[in-house]
Amino acid sequence: MQSYWFLSQYAYNNAHKVSRDLLKGVFEQTEKKLMETITVAREIKVRASYIFSASLFLLSVCLACFIIQNLHDSQNDFLQLVLLFSSLVLLFTTVLSAIAIAPPKIYGTGSEPRHTLNRNVVDAESQMTTFLLNECNDYQFRIDHNKKINDRNIFFVSMAQYLLLIIPLSMVVSWFLY
């Protein structure tokens, strides 16, 4: 099994020296940290869903206004430019938030029994030590994976939020371009 952190490498090499109480403490802390990454992932998804809904609604409104503007043969180029710029910004916002809504798999807590039971270890004490070592190592991998996904999604949600803040500036930009 590949080692992802220092304690596990030490523990695998010196399993007879590591106390079960230490391993239980490490396991409890890694489980708490993994739960934290899961909670953060849920919060990011909720925030991205709100941004997605708002930007999709505003995009629909902008496009509807743009179509209505063109149907009435009005020659208000300023309004058309504002609507076009706002629509483009909203389109990018919608795409960024959609990416954050549908992230890759987030790992949860717990393991399947087929992955945790080790038939090679006969001694009950060694079995518990090996189990805790493997779970701690596996949880560390899950924490790292979840953090990477959360960081990526935080970036997309932040960019979407900044783009939403740019929309009021579209009038100013359009005024100067007009």
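Colleague: Is Asp138 buried, partly exposed or exposed?

Modeller: The scale is relative accessible area, with buried meaning under 20%, exposed over 50% and partly exposed in between (1.4 Å probe, protein chains only). Asp138 has a relative accessibility of 23% and therefore counts as partly exposed. Please note that this is a predicted model, in which local features need pLDDT of at least 70 and side-chain atom pairs count only at pLDDT 80 or more, while totals for chains, interfaces and linings use all residues. Residues are numbered from 1 along each chain as its sequence is written, and side-chain values use heavy atoms, leaving out hydrogens and water.

Colleague: With which side chain does Asp138 meet in a salt bridge?

Modeller: A salt bridge is a side-chain nitrogen of Lys or Arg within 4 Å of a carboxyl oxygen of Asp or Glu. The partner of Asp138 is Arg142, with 2.7 Å from N to O. Both residues belong to helix α5 (residues 124–166), where they are 4 residues apart, about one turn of the helix. Helices (H or I, at least four residues) and strands (E, at least two) are DSSP runs, numbered from the N terminus. Arg142 has a relative accessibility of 10%, so this residue counts as buried.

Colleague: How many salt bridges does a search of the whole structure find?

Modeller: The search finds 2. Glu36 and Lys33 are separated by about one helical turn because they are 3 residues apart in helix α2 (residues 20–71). Glu36 is partly exposed at 43% relative accessible area, and Lys33 is partly exposed at 29%.

Colleague: Which residues does Thr109 touch, leaving aside those up to four places away in sequence?

Modeller: Contact means heavy atoms within 4.5 Å. On that basis Thr109 touches Glu31, Leu34, Met35, Ile38, Tyr139 and Arg142. Thr109 itself is in the loop between α3 and α4 (113–116) and is partly exposed at 36% relative accessibility. Its C-alpha is 9.8 Å from that of Glu135, although the two residues are 26 residues apart in sequence.

Colleague: Where does Thr30 lie, and what does Thr30 touch?

Modeller: Thr30 lies in helix α2. Again leaving aside residues up to four places away in sequence, Thr30 touches Cys136, Tyr139 and Ile143. With a relative accessibility of 8%, Thr30 counts as buried.

Colleague: How many disulfides does the structure hold?

Modeller: A disulfide is a covalent bond between the sulfur atoms of two cysteines. The criterion is a pair of cysteine sulfur atoms within 2.5 Å, and the structure holds 0 disulfides. Cys62 is in none, since its nearest cysteine sulfur, that of Cys65, is 6.6 Å away. Cys65 likewise is in no disulfide, the nearest cysteine sulfur being that of Cys62. Cys62 is buried at 12% relative accessible area, whereas Cys65 is partly exposed at 37%.

Colleague: Which residues make the nonpolar surface patch?

Modeller: Patches are made of residues with over 30% relative accessible area and no salt bridge, with like charges joined within 9 Å and nonpolar side chains (Val, Leu, Ile, Met, Phe, Trp, Tyr) within 5 Å. Here Leu84, Leu88, Leu91, Phe92, Val95 and Ile99 make a patch of about 510 Å². Among them, Val95 has its place in helix α3 (residues 77–101) and is partly exposed at 43%.

Colleague: What does the secondary structure of the protein chain come to?

Modeller: The chain has 6 helices and 0 strands. Of its 178 residues, 33% are buried. Among contacts with a separation of 6 or more, 88% are between residues 24 or more positions apart.

Definitions and conventions
Accessible areas come from the Shrake-Rupley method with a 1.4 Å probe; for residues, only the protein chains shown count as cover.
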